Every structure is written in structure tokens, then in C-alpha cells.
Amino acid sequence: MWPEEFAARYRALGYWRGETFNDLLAASARRYGDRIAVVGGDVRVSYAELAVRAERLAAGLHTLGIRHGDRVVVQLPNVVEFFDVIFALFRIGALPVFALPAHRAAEIGYFCGHTEAVAFVTTDVHEGFDYRGLAAAAGDATVIVAGDPGGHTALADLYADPVDLPPGPAADDLAFLQLSGGSTGLPKLIPRTHDDYLYSVRASAEICELDTDSVYLCALPVAHNFPLSSPGVLGVLYAGGRIVLAPRPDPATAFELIDREGVTITAVVPPLALLWLDAAARPGRTTDLSSLRVLQVGGAKLADEVARRVTPTLGCHLQQVFGMAEGLVNYTRFGDPDDIVLHTQGRPISPDDEIRVVDDDDVEVPAGEVGHLLTRGPYTIRGYWRAEEHNATAFTPDGFYRTGDLVRIVDGGYLVVTGRAKDQINRGGEKIAAEEVENHILAHPGVHDVAVVAVPDAYLGERTYAFVVPRPEADPLTAPLIRGFVRQRGLAAYKIPDKVEFVDEFPVTGVGKVSRKDLRAALRTRLAGPTAPVAGPTASVAGPTASVAGPTAPVAGPTAPVAGPTASVAGPTAPKEG
Ligand code: OOB
């Protein structure tokens, strides 16, 4: 929690207004009444109806014994009930713990156990996976199922006549626990208050110019911080617009919804942006995307080569979003010149977001140089939930969060993300930014996507390994061809990948980012055993269109479906990584 002098300052400056998410829903229900708030499949829920549904569900959850301060793990796909559940929990003052549909028994067990959750809310079957099978992992938590309960408590049965509930939470109470994108081990839990989160939501809605005419397509998993609050679905509910929930984010599903609902703004991660751009450019597309005004891309670095395709291909603004569930969110602004929009990851929401760029000894680097990003501010946490030991190193003594990101600051205070500290490859002392090499490889017309990672090497310490997803329609690529191509582009010899391998798709995180952690782990496993393939019989579930394992098979990891030019991004995936 923030020291009192900071809290007082954030209140005095009007960032923290003493409002809760209950106040937000009540105000929006008053203001926007019969307007449609959420569309999910055939279900259309108005603002007034949403408030009633949440109130009725709060009554039922309270009768079930859920109380102020209790934790409830919520794992729902993009369905209307997600909103009923979270607003009902907010009404009681119980804390949703935001799991993603990609999470499986290991993660759900950890979330339920670590938070001592009293309930676990999930769905019946989604994208071919039966979530009721996770009930055992929830331990003592009451299992509540949206859809066919299969012997558990049916969510539908919990909507009850409103009762006199005890007063709701205070604005400086915790509202929920969000998950960190931690790159090692299990995700850390991020405690966010009503005051701090609502500030980021309001300010984001303003930056993104949301209003009652905004139609937001939620294509990413709704519980992730990006589609939830940047400005995401909560920003839309604040501004009186309409949320359209996509059951999965593939271009066919998304484009159909954009066309049908007149979507004006949506958010994607870079691998999804690639799939959408390719699909949008394909001759013979029948869907009309002309309503789309803004494509937000964030969650991982958007390559310059891809950024410049957005406006010509989709005819809308590109907005880069660099955020983190711990707090700090940066946006490029709509009036910004191309150079900023295409080549930076935006600037912070708040004038009181404090940014420090430091070297390995926490000393500030000269202006414009790359260093570690540290941040502190009115919506950035001061510590993870029940993680004292980790907090001692994840935050500086004066409360700055160590993001783990490498950035440089350019004119106007815009941030350019150059990678994660651990994505840097140290090849015999020569430092290589994975991103730089990736950009060169991406420039090859036969390349769909690329990820460059370090592999341990007895001689050099580390070597570079490039995984390349070829375009299916392009002429076959070879490793010498790629190496020759980047050499020709004038890349220093030590930066030319030591090894190039072709794969159909990458392992992805719960929200759909390319998981370098899993790529590295798969490589380590293979290198440990002389014959172990990167993909093989122990490879995890492949996406519905993924090809059979073979020389270009998906890189196995504890993950799955992995997006490739022909594969769907949706499906069971792994714990997310930053
Ligand atoms: C978002 O949140 P998380 O918590 O899943 O991941 C945060 C990490 C950042 O520390 C950074 O490493 C990476 O994801 N990241 C980006 C990026 N946006 C996030 N790296 C480069 N460029 C970007 N544009 O991912 C998130 C939360 C709110 C809004 C948007 C993204």
C-alpha cells in the first residue's frame, strides 16, 4: 500500500476520488439506462439490466456465505456472466482473483490455495476444454459453474431477489487480485484498489476518447489487464459505450463481429495483429471493417515492420499500448506524428507516473540511453500480495517497481521498449538485443514471424537461436538464406543468429503473447538430452489446425496452441509471461 503522504497527494490531485466500481456501475446504469452495455453471442444486456443482474447475483453469493474480503478465483471466457460475477463480488467487497481461460490445474490450484479462495467460478465447456475437470484443483473452494454445472453449483441458480446486503467496500479497499506476467515460476498476485484502478480506467477512457458511440471488441481474454482496463471493457462501461465479446480472437470471428456490430476500437497482442493483418489483406475478404477507428496493439513489442502495415491495411489508427498489470500504462496519442506512433510504445497516463531509467547499479543512465525501467505512481502497486520476500527485490526501498523492461526515453517523454532484461543475449560478452535481430529477419518477405532467444553455450556463455515461422504461401526458406539475408542488411557478424530453425507456430501465453520462456525451456530440454526433439510425443496439445509434429512442428513446451499463419490463437495455453 502507498505511504500516507502519497495517498494524500493522489487524493488532493483528484486521481483518487473515493469511488468504487459499485459507484461506477450505479452511475452508468443511471446515465445510460437502456443503452446496450454488453453483447455476448445472442445476449444483449443494457446498463440498467447489468446493474440488476449484479445486485441479484450479489444476493445469491452472499447467501452462499461469500463475505467482504473473501477471495474468489474467477476463470471465465468472454461471456456476459463475467460482468455479473465481478460486479456482484465488488458489491459484496469480495475480491475476484483473475485467472485466464488458458490456466489449468497447476495454476488454478495455486491461485485457490495461495489466496485461500472460498469459491472458484468457472464455465462448463469452452473451446473443447471441460473446466469442471479443474474442480479438484480448487480444493475446499465452492465450485460455481456458468452453464451446465455437472454436479457443482450452477451460477444461474444464484441470481436471487435482492436482500439487504451490508455496506459495500470503501474506495481504498482492495478491489481484486490481478496476475503478474512474471517470467519465471507461477504468477504473483497484484492487489489493486478501487481508487487506483478506477483512476487508470477513467484516464484511459479519456485518452482513448471513448464515448457513448464507442463499440469495443473484446477479442483478448477479458480478465487480462489490457482488455479489462486499458481502457478496455471497464473504460467502455465508464463512458457508456458498448462491449462486444468475441468468443475467440481469430480473424474470421473478429471480423464478422466488427462488421455486424460496427466496432470502433479493439485491442490485440502482436501475434494476433499479424494474423489480422494477413487476413485483412487477403483478396476476396467479404467482411466490412470500415467502422474500425482504432487498433490498439500492446502486451509485447510491436515490430516496426508490422506497425507500419496497420493503417494502410485496416484503414484505422494504430495505438501502441505498453502496460503492466502492476500499474503503469503508456499510450501513443491519436494526434501523435507517425514517427511516435510507429516507433514508440507511448507515454504514461499520468503526469504523476514517475519514470526512472537506470543501469545495473540503479544509477540513472544519461538521457536517451537504454536502461532498466523503474516506476512509481498513483496506480502502480507498492508490493505484491503476500510476497514479502519477493517484494524486497521487486521494488526499490523508496517504492519504485522494477518492471524488468529495458527502455529508452525519447523526446516528449515517450518510451521505447528495447526488450526484457533477460531477452538480451550475452554472446561472449557482446550484447545482442533479440528485438534488433528479429526486426531484420521480419523484413524478409517469406517470414511471417520470428523469435530470437539465447541458448546456453559452454564456450561463449550464450548463443543466439532464431525461430522462424515462414509464410505458408512463400518460397521455402533455409537457414543459410536467412543468415545471408541479415548479413546483407549490414548486421554485425556477431549478431547473425548462430542457428535458425523453422517452426509452424510459437508457444503463446494465456493472453496470446509469444512465450520466450517456453521457447527457451524447450530448447534447454532438447539440449540436455542429445536426441530430444523440440517437438515430439510429449508435446502438449496442438491447436485445432496445427500440423503433425515433424521438422517444422510447433516447439513443444508446457504450453499449446501457438499461433501460426494458419493456426488459431485461441485454445488452451500456458501460464502467461511478461
Ligand atoms: C500487459 O500486462 P502484463 O502484466 O501481462 O505484462 C506486462 C509486461 C511488461 O512489463 C512488458 O514486458 C510487456 O508485458 N509489454 C510490452 C508492451 N506491453 C506490455 N512490451 C513491449 N511493448 C509493449 N507495448 O501486457 C498489458 C497491460 C495493460 C495494457 C497493455 C498490456
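Is Y379 buried or exposed? I get 0% relative accessibility for Y379, so it counts as buried (buried is under 20% relative accessible area, exposed over 50%, partly exposed in between, with a 1.4 Å probe and protein chains only).

Ground rules before I go on. This is a predicted model, so I take local features only at pLDDT of at least 70 and side-chain atom pairs only at pLDDT 80 or more, while totals for chains, interfaces and linings use all residues. Residues are numbered from 1 along each chain as its sequence is written, and side-chain values use heavy atoms, with hydrogens and water left out.

**Overall**

I count 16 helices and 27 strands in the protein (DSSP runs numbered from the N terminus: helices are H or I with at least four residues, strands E with at least two). The radius of gyration is 23 Å, close to the 25 Å from the globule rule for 578 residues, so the protein is as compact as a globular protein of that length. That radius is taken over C-alpha atoms, and the rule is 2.2 Å times the number of residues to the power 0.38. The C-alpha trace spans about 70 × 50 × 45 Å along its principal axes.

Of the 578 residues, 60% are buried. I also looked up contacts (heavy atoms within 4.5 Å): among those between residues at least 6 apart in sequence, 67% join residues at least 24 apart.

**Aromatics**

My search of the whole structure gives 22 aromatic pairs. Rings of Phe, Tyr and Trp (its six-membered ring) pair if their centres lie within 6.5 Å; planes under 30 degrees apart are stacked, over 60 edge-to-face, and the rest tilted.

Y10 and Y15 make a tilted pair, with 6.4 Å between centres and 45 degrees between planes. Both partners are buried: Y10 sits at 1% relative accessibility and Y15 at 10%.

Back to Y379: its ring centre is 5.9 Å from that of Y199 and the planes are at 70 degrees, so I log the pair as edge-to-face. Y199 is in helix α6 (194–207) and Y379 in the loop between β20 (371–376) and α13 (388–394), so the pair ties together parts 180 residues apart in sequence. Y199 is buried too, at 7%.

I also find one aromatic cluster made of F21, F82, F83, F87, F90, F98, F176 and Y197.

**Helix α9**

Which residues of α9 (251–261) are buried? I get P251, T253, A254, F255, L257, I258 and E261. Their cover includes strands β1 (36–40), β2 (43–46), β12 (215–218) and β13 (242–245), plus helix α10 (270–281). G262 follows α9, with a positive phi near 65 degrees.

S230 and P231 are joined by a cis peptide bond, omega about -15 degrees. P231 is in the loop between α7 (225–229) and α8 (232–239).

Two non-glycine residues with positive phi go in the log. E116 has a phi of about 50 degrees and sits in the loop between α5 (105–115) and β5 (119–123), exposed at 52%. R386 has a phi of about 45 degrees; I place it in the loop between β20 and α13, partly exposed at 48%.

Last entry: A136, in the loop between β7 (129–130) and β8 (142–146), is exposed at 72% relative accessibility.
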